[in-house]
Amino acid sequence: MKISDIQSLEGFACLQGEYTDTQVQDGYTSDLLSDVMAHAEEDSVLITIQAHKNTVAVSSLVGVVAIIVCSNRPATDDMLEAAREEGIAVFQTDGNQFQTSSLIAQHLASCPAR
Amino acid sequence: MRLIQIADALEAEVHHAPKGWEQISIESVFASDLMSDVLMSDRDEMLVITSLSTEQSIRSAGIVGSEAVIIANNKTVTDGMIALAKELDIALFCTIFPKYESCIRLGRIMGL
Amino acid sequence: MSDEEQKEPLQSSLRVQELIYGLKIGEVMTKKVFAVSRNCTMRDVQQIMKSNGITGVPVVDNRRVVGFVSMNDVMTALEEGGMDEGVIARMSGEVQTLAEEMPLSFAISAFNKFSFRSFPVVSKKNELVGILTFRNINLALIRELSRQLREMEHLHEYPEEHASLELVKVYQLNRYDFENGGKASIEIKKFLKERGISLALVRRVAVASYELEINLVAHSIGGMLSFDINKDRVKISSHDRGPGIDDVEQALTEGFSTANEWIRSQGFGAGMGLPNVKRVSDEFAIQSAVGMGTMIRTVIHFKEEKQNED
């Protein structure tokens, strides 16, 4: 699954689209930035409701390539600005973290990264 | 799904569970580490999965009338949390799986 | 005063505190105000003070407060031979006013913060409507307490039939005390559940109360949460001693938060607290002044179920 595939999922909107369209390897669901820092894998997508600047900073540090903001939570402008600078994609969905995690896992399984 | 299926799927350690917990029915799962988010959920027969291992996690789940709390990410569960789970008589499990993996496993049972 | 150190304050002393939160400045102030206009002299002011036994006189222009002449200002003028000068020259021009709809607690903060002996009180239109001294506060408290005492005696003689669903309780909350934040809500939830209130209603009360508790713990320097329950409704009020909210509208916007990373690591501060309280409440009111405190009042009715949940 490529990052751009996320955009075509139902109920997803792209909030920050300036990124290099690479393969997504894994998912990580968390709102605790310390956990993201410690456990998220390189080239994964972060599923969260923490839509602020620090989320981008941590994502960039651990190599998260896309952030999915769940439950249609609003993302702050400075978050999107930071994401643009770091080239991290930001999507928004009406699904909650539970549903979104399952959905992403299915798509990762049906179109596995090479 | 029944709470016992959930415990099995997550290979969960049971810290506290009300009497007859195995048969408790769970209709919706809520995964979040932000209690403010948990407090916005008002569904019946709910389960909360969180990696925030604090007493407030148990309290918030109790406030919204959740049936069970699952602490994900192999986090340590404190005595205070167990005592609170007993006081509120709410099931408290922990799992070694991260929240993402836990969601996927439960999603499979629910046919998502 | 060491009321902050006291672990479990008496409910009776909390009741007095609840009173100072419940009364509005407008209900307590002296409504008969002696004010002077810009073209009066210091001697005019001194005459007014003397014949009415007051210690401070606001200077107004078209009902707006533009200055304040205190007893001290008059003394200084007397010493310096400036009694025939206009008030403009001798008044203090930066006047701290209080708004009539503020809770009395804000006034007490103001008395502590500034060394003034009285404050002009203004209406929403910023017009002078009264004056507040500490004496007003003391009298009001005595009056209210004796009224409550009479009510309690009356209740004692004629106990109500629906006494089972009656509760007045006040909880004290301290800054960053995440350990205890939430205990009050659990207690209230239990109280309502045991009395057969529907789960949906219990949940709404519990959510509002819990969010307010966490709000006090995470964002205020300390305050109190009080419950007033009868057979028709639950009233919850939250009061704190500061710091006060600069922009209330912003605070009610989903996603807006002033929380720091530590509060976030506790699972809070996503900027959903106050909007969530408003969402579950039938009535919601907030009032805040920077440096004085914030007061939030919410009511949840037992009868008609709120429809627009989710």
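This is a predicted model: local features need pLDDT of at least 70, side-chain atom pairs count only at pLDDT 80 or more; totals for chains, interfaces and linings use all residues.
**Notebook: chain B and its two partners**

I started at a cross-chain pair: the side chains of B:Ser32 and A:Asp31 make a polar contact of 3.2 Å.

Where does B:Ser32 sit? I find B:Ser32 in the loop between strand E2 (28-31) and helix H2 (35-38) of chain B. Buried or exposed? B:Ser32 comes out buried, because its relative accessible area is 0% and the cut-off for buried is under 20%. I then listed what B:Ser32 is in contact with, skipping neighbours within four places in sequence. From chain A I get A:Asp31, A:Ile49 and A:Gln97. From chain B I get B:Asp37, B:Val38, B:Ile49, B:Thr50 and B:Lys99.

**Chain A against chain B**

I looked up the whole interface next. Here 22 residues of chain A are in contact with 20 residues of chain B. The two chains bury about 1700 Å² between them, and carbon and sulfur atoms give 58% of that. On the chain A side, A:Thr29, A:Leu32 and A:Phe98 supply 33% of the area buried against chain B, more than any other three residues.

For the polar part, I have 11 residue pairs in polar contact, both partners at pLDDT 80 or more. Strand E2 (26-29), helix H2 (33-39) and helix H5 (97-110) of chain A each give two or more residues to the side touching chain B. H5(A) gives the most, eight residues. By class, I read eight nonpolar, 10 polar and four charged residues on that side. How many salt bridges cross between chain A and chain B? The rule finds three.

**Chain C against chain B**

Chain C brings 26 residues to the contact and chain B brings 20. They bury about 2000 Å², 55% of it on carbon and sulfur atoms. In chain C, the residues losing the most area to chain B are C:Ile186, C:Arg203 and C:Tyr210, together 31% of what that side buries.

C:Arg203 turns up again in a salt bridge with B:Asp44, closest N and O atoms 3.3 Å apart. Helices H8 (183-194), H9 (199-219), H11 (261-265) and H12 (273-280) of chain C each supply at least two residues to the side touching chain B. H9(C) has the largest share, six residues. That side divides into nine nonpolar, eight polar and nine charged residues.

Conventions: Residues are numbered from 1 along each chain as its sequence is written. Chains are lettered from A and ligands numbered from 1 in the order in which they are written. Side-chain values use heavy atoms; hydrogens and water are left out. Contact means heavy atoms within 4.5 Å. Buried area is the accessible area (1.4 Å probe) that two parts lose on being put together, summed over both. A salt bridge is a side-chain nitrogen of Lys or Arg within 4 Å of a carboxyl oxygen of Asp or Glu. A polar contact is a pair of N or O atoms within 3.5 Å; within protein, one must be able to donate a hydrogen and the other to accept it, and residues adjacent in sequence count only if both atoms are side-chain atoms. Helices (H or I, at least four residues) and strands (E, at least two) are DSSP runs, numbered from the N terminus. Ala, Val, Leu, Ile, Met, Phe, Trp, Tyr, Cys and Pro count as nonpolar, Asp, Glu, Lys and Arg as charged, and the others, Gly among them, as polar. Buried means under 20% relative accessible area, exposed over 50%, partly exposed in between (1.4 Å probe, protein chains only).
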